[in-house]
Amino acid sequence: QVQLVESGGGLVQAGGSLRLSCAASGSIFSIWLMGWYRQAPGKERELVARVDSGGSTNYGDSVKGRFTISRDNYKNTVDLQMNSLKPEDTAVYYCNVFGTSYGSSRPEDYWGQGTQVTVSS
């Protein structure tokens with residue numbers, strides 16, 4: 001099994017910063033993509049940011065210039081530095097890994113349990 005453990009969510013005032021971290025462990029063999037998605041109440045889950053094994057990144061339009069994703073390929077961790085937070089960033093943030101596990105050649109998505117980020121105005 002693949003486990004994703006997230007940390008770093010919480011409550012912050014608008015304009016503040018938070019850093020989310022996620023560590024992948026277990027039977028993960030090869031990670032292609034690591035990233036963060038979020039889901040606000042009544043809305044669909046959306047991409048926040050993701051990074052491939054070569055370090056190429058892409059961001060959701062609403063977070064460009066404010067959030068930065070980073071990845072450690074040796075530790076299988078991915079962090080999300082969130083600056084200039086806005087109330088509309090309030091959501092549950094989910095860590096995502098797309099890769100293969102031991103014994104399987106088919107890549108698939110793995111998800112963390114989610115961490116709440118609340119930005120007050």
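The charged end of Arg45 sits over the ring of Trp111, at 4.6 Å from its centre; a charge sits over a ring when NZ of Lys or CZ of Arg is within 6 Å of the ring centre and within 35 degrees of the ring normal. Arg45 also lies over the face of Tyr94, 3.8 Å from that ring's centre. This is a predicted model, in which local features need pLDDT of at least 70 and side-chain atom pairs count only at pLDDT 80 or more, while totals for chains, interfaces and linings use all residues. Residues are numbered from 1 along each chain as its sequence is written, and side-chain values use heavy atoms, with hydrogens and water left out.

Now for the ring pairs. Rings of Phe, Tyr and Trp (its six-membered ring) pair if their centres lie within 6.5 Å, with planes under 30 degrees apart called stacked, over 60 edge-to-face and the rest tilted. That rule gives 3 aromatic pairs. One of them is edge-to-face because the rings of Trp32 and Phe98 have centres 5.6 Å apart and planes at 80°. Trp32 belongs to strand β4 (residues 28-39) and Phe98 to strand β9 (residues 91-101), so this pair links parts of the chain 66 residues apart; strands here are DSSP runs (E, at least two residues), numbered from the N terminus.

Tyr37 and Trp111 also pair edge-to-face, at 5.2 Å centre to centre and 70° between the planes. Tyr37 is in strand β4 and Trp111 in strand β10 (residues 108-111), so parts 74 residues apart in sequence get tied together. As for accessibility, buried means under 20% relative accessible area, exposed over 50%, and partly exposed in between (1.4 Å probe, protein chains only). Tyr37 is buried at 17%, whereas Trp111 is partly exposed at 37%. Trp32, at 41%, is partly exposed too.

Definitions and conventions:
Helix = DSSP H or I, 4+ residues; strand = E, 2+ residues; numbered from the N terminus.
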